[in-house]
Amino acid sequence: MAAAGASDADLELQAMEMASKALPASLPEAARKAKIPAIKQKILERLKAQRAAAAKAPPPASAPGAPGAPPAPPGVRPPGAPVMPGAAPTPAPAPPPPPPPSEEHLGAKHVKGIELCGDEPWFADSIVRKRLRESIADAHKEQKIMVGNPAAEINRICPEDGRVLGAGAVLRLGGAHLGGYSENDVGYAYRQLSRALHPDKNQGVPRAHNAFQRLSEAADELRRGLEEQRAALRKLVGAMGGQATPAMLERPQEALFAEACRFLSAVVGLTGEGEVPKPALSRATSSFARSGTYYHCQTNNLLSEWFERNQMLELYASPPVRTAYDCATKRHRAQFLCLLNRAAIVEAKRFNDCVRGTWPIIIQVFPELGLWRELRDAIHRRVWDTTGEPIEDLPAQDLYGNIIPEEKKRSRSRSRRRRSRSRDGGRRRRGFQDGPDQADRGRERAGSRLSAQEKQRDSVWDSRWNTSDDPNFDPNESKKKEEDKRNIGRDRKQAIQGHPHTGKPHQ
């Protein structure tokens, strides 16, 4: 808020400070310098308008009883006036309003080289998406294709060891530092490099012709890749009932990666991970259909498109999605890998630990999934109790959190037993035992059953990647092996219990 007596210089400094805080810190320096003047001008106009309104506002009313102040209303004693005997007490003044909330907020501590990621719907946030597109455009404005020595560029494009450089690496396009590219970016990079690598200018340099040919092939490959990425983007958005906009199609890498994350998030959200009750799943399905986050798509159509057809799954194993993944930021890549792994677990659970034959190809396209699974298993071993040992009882506490001594607990239990015996005429009620009651024993049995299921699920984790396309695959083979082990153990137990000569059981 601008003060009534603030000068223009003070307003200038205040507007400059507010404009600097309004822009995100991740924005490149050149983009900040280009945006700050316009933002500062708008803030300055608003501050001047506030100063003018404050100057025209009437002065605050003086306190009752002051010279020149209006008389106090009847029934209200002016401050400082003596209290008359027998008069009613003056009501206490209202408490002052609470102070405005502080602008300071707790934030995460930034550690160099470490990114925070979570299950956030960034793909449905229009502000985040617009900021990503603007950062890509600003990065290309600052990007200048630096052409080095022609001989060094030729050795870079055609290495002596026979390696084949990727199309993006040849033209120095793609990757998280730029975030995406279009046909104009491909043409600019090709023109800059072709002038230095033309064979007529490098007649005495070996492999100059091969390097120039590889440069032309890389440019054509990137242009074809752009068309494939736009086709994949239209297919993903169309499967959810949406339509790709021209802004999404200009540099399609960011939009393709965002829509791929959106589709996976819809699949894992609709199938219900873990043990979800049917009423909760039906409420979530109806809420999903009403939400605009997923283009108001129909639940049955989306699930049938994913589970009953292979086109969408094959799309995630295609080069366009991998290229879009390489152009994304680190935190969004981590979320994508987590969604992909969750989708595989959901499919294995849905089809009795079987997945489709495209999943091994996806693992080859995204080898980072192996690292993610190792991290997940390490966290599981670190924080999950798989020993099967009984959990120690916590010390008993009263209503105020104080620990109850053992003597009080024993005396209280004895008194309870005495009261129960006196009520039943000195007889113990049927089914009463010293120790946990029936409800506690039922909970223990349920917990042991769940732990056994979790152990079995962890033991067959590596075998989940068996595909139903294998003609020799038998989903009941693991169950048969477990049954055989139990039979062998039962036979050994009976052999130990029997007599060594007669075979009859020991008496």
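Reader: Over which ring does the charged end of Arg-350 sit?

Author: This is a predicted model. A charge sits over a ring if the end atom is within 6 Å of the ring centre and within 35 degrees of the ring normal. Here the charged end of Arg-350 is placed over Phe-307, 4.3 Å from the centre of that ring. Arg-333 lies over the face of Tyr-325, at 5.9 Å from the ring centre.

Reader: How many aromatic pairs does the structure hold?

Author: There are 13 aromatic pairs. Among them is the edge-to-face pair of Trp-122 and Phe-123, with 6.3 Å from centre to centre and 65° between the planes. Trp-122 and Phe-123 are both buried.

Reader: How are the rings of Phe-123 and Tyr-294 arranged?

Author: Planes under 30 degrees apart count as stacked, over 60 as edge-to-face and the rest as tilted. The planes of Phe-123 and Tyr-294 are at 45°, so this pair is tilted, with the ring centres 6.4 Å apart. It links distant parts of the chain, 171 residues apart: Phe-123 is in the loop between helix 2 (29–56) and helix 3 (126–142), and Tyr-294 is in the loop between helix 10 (278–290) and helix 11 (299–307). Phe-123 and Tyr-294 are buried.

Reader: Which residues do ring pairs link into a cluster?

Author: The cluster includes Trp-122, Phe-123, Tyr-294, Tyr-325 and Phe-366.

Reader: Is His-177 buried or exposed?

Author: Exposed means over 50% relative accessible area. His-177 has 58% relative accessibility, so it counts as exposed. His-177 is in the loop between helix 5 (167–171) and helix 6 (183–197).

How values were computed:
Residues numbered from 1 in each chain as written. Predicted model: local features only at pLDDT ≥ 70, side-chain atom pairs only at ≥ 80, totals over all residues. Heavy atoms only, no water. Phe/Tyr/Trp six-rings, centres within 6.5 Å; stacked < 30°, edge-to-face > 60°. Buried < 20%, exposed > 50% of the residue type's maximum accessible area, 1.4 Å probe, protein only. Helix = DSSP H or I, 4+ residues; strand = E, 2+ residues; numbered from the N terminus.
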